[in-house]
Amino acid sequence: MAFFKKLKDRMFQSSSKIEAGLDAIVEDGGVEEDVAAAQVIEAAASDAAEVEAQARAALDEQAAVVAQEEARIAEFEREVQAAERVEAQRQHAAELEDVARAEERDRLAADARRAEDAQQESEARKAELARQASVAAAEQAQRAEELRQAKAARSAEDARLEAERAEREKAAKPGLIGRLLGRGDAKTVVRRELDDDMLERLEELLISADMGVDTALRVTSNMAEGRFGKRLSTQEIKELLAAEITRIMEPVARPMPLYPTKPQVVLVVGVNGSGKTTTIGKLASQFQAAGKKVVIAAGDTFRAAAVEQLQVWGDRAGVPVLTAPEGSDPASLAFDAMEQAACDGADLLMIDTAGRLQNRADLMEELQKIVRVIRKKDPDAPHNTLLVLDATTGQNALSQVKTFQELADVTGLIMTKLDGTAKGGVLVALADKFGLPIHAIGVGEQIDDLAPFDPEDFAAALTGLDR
Ligand SMILES: Nc1nc2c(ncn2[C@@H]2O[C@H](COP(=O)(O)OP(=O)(O)OP(=O)(O)O)[C@@H](O)[C@H]2O)c(=O)[nH]1
């Protein structure tokens, strides 16, 4: 089974709380839009744009004809002027040669007549061209009028379609119920304008999904940036939320680092019942399957039941579990375990610890003593201090991180029981607030129910986004 499907099916008990709330928010004040009508409006707009483009092209063509005619008129005018100049020269020559021979005079007179004829002809043509230019201008004016009328018709059509759409929206007010009852075959989508009220409702929804006030505010305001006033559907909101959550989670999604040191010491801390024992068993099984030699130390020596439980998990994973009598010193067990692990050539030593937060001073002393003792064997140990958190405790997980950071040098988190909550937003708050690596998530009680943390899958599962 693909990881995402398994995650979606198992990460949250029911559909996620955010997914369940989003529909209600969008429905409340949202408007059901007819996808087909939107397409008709788009088609009408595109037709009108095409008519306008055609009218523009015709006008451009007409303008080119007018320009050509004007050029021709200018050319004729130049010819007329040239003819006038010739005539003036001829007249001048006639005056100077008033004694010229009669034939010459006749010829000149004939020339003068021809010149006069040419001038008359050119004036006639000039008049004709001027007439043509005025006809072209009239045609241009008519085209402009036609374009104006086409635009007016398009605006009227737009207004009619908008009115029809408003009418339909009014008629389709109880959109969800209509769709639930299967009324009509029209494909519709409900969109709601992103305004202050909607943002506030989204914030409340995220807070109710354990995201915490600060993180919920940051997520919603980032999501709304540049989108205020836009109409959004549930699907679009899910996509935006998921993208924002992924952005926050990506930097912390890191598997537990493995070092060449032998044994690499992994101290596992967390309050009672958070899932330490189970997680150690699951991790041991995964490392063992990856070819690592693993040893477990049952450091919670105060509860015989806890030791027994760890032994069960050790058997399941095929990993030796080192124990000590009930009530004995966990630090001395840790020391023995270091020796044993080194002796066995183990790659990893995982040390379980008690999680009695009721007596903080005792717990701190106990954890510090374990660290002091194992450092006698390896000054760099523990190489990882994993804090195991229970997702069903919600915002409580935030205060646990703070407390355990004071008690021990926490290097990474594992969040268990994500399958047991419809919330899960606390993981986003943890990433946003502490930035500690999230190595894995627990999604069930079985040995293979520990998954690497994938931000995109998590964000999709949390928001109910189908990918
Ligand atoms: N549904 C679910 N249950 C889990 C998960 N991880 C642990 N559990 C259950 O949570 C309960 C407590 O888990 P443990 O592993 O015993 O927790 P612990 O922190 O070792 O508790 P102590 O031994 O009391 O310190 C057990 O019933 C587990 O089966 C998980 O990812 N999903």
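**Reading a helix pair and a ligand shell**

Student: Are H2 and H6 roughly parallel or roughly antiparallel to each other?

Tutor: H2 and H6 are roughly antiparallel (angles over 145 degrees; under 35 is roughly parallel, 65 to 115 roughly perpendicular, the rest oblique). This is a predicted model: local features need pLDDT of at least 70, side-chain atom pairs count only at pLDDT 80 or more, and totals for chains, interfaces and linings use all residues. Residues are numbered from 1 along each chain as its sequence is written.

Student: At what angle do the axes of H2 and H6 cross?

Tutor: Axes are lines fitted to C-alpha atoms, for helices over the stretch in contact, with angles from 0 to 180 degrees between N-to-C directions. Helix H2 (residues 17–27) and helix H6 (residues 196–208) cross at roughly 160°. Their axes come within 9 Å.

Student: Which residues in H2 and H6 meet?

Tutor: Look for contacts (C-beta atoms, placed from the backbone, within 7 Å). H2 brings Lys 17, Ile 18, Gly 21 and Ile 25. H6 brings Met 198, Arg 201, Leu 202, Leu 205, Leu 206 and Ser 208. By class, the contact has 6 nonpolar, 2 polar and 2 charged residues.

Student: Which residues come nearest to the ligand?

Tutor: Of the 21 residues around the ligand, Gly 275, Lys 276, Thr 277, Thr 278 and Gly 442 come nearest. Helix H9 (276–289) and helix H10 (304–317) each give two or more residues to the shell. H9 gives the most, with 3 residues.

Key. A residue is near a molecule or strand if its C-beta atom, placed from the backbone, lies within 6 Å of it. Helices (H or I, at least four residues) and strands (E, at least two) are DSSP runs, numbered from the N terminus. Two residues are in contact if their C-beta atoms, placed from the backbone, lie within 7 Å. Ala, Val, Leu, Ile, Met, Phe, Trp, Tyr, Cys and Pro count as nonpolar, Asp, Glu, Lys and Arg as charged, and the others, Gly among them, as polar.
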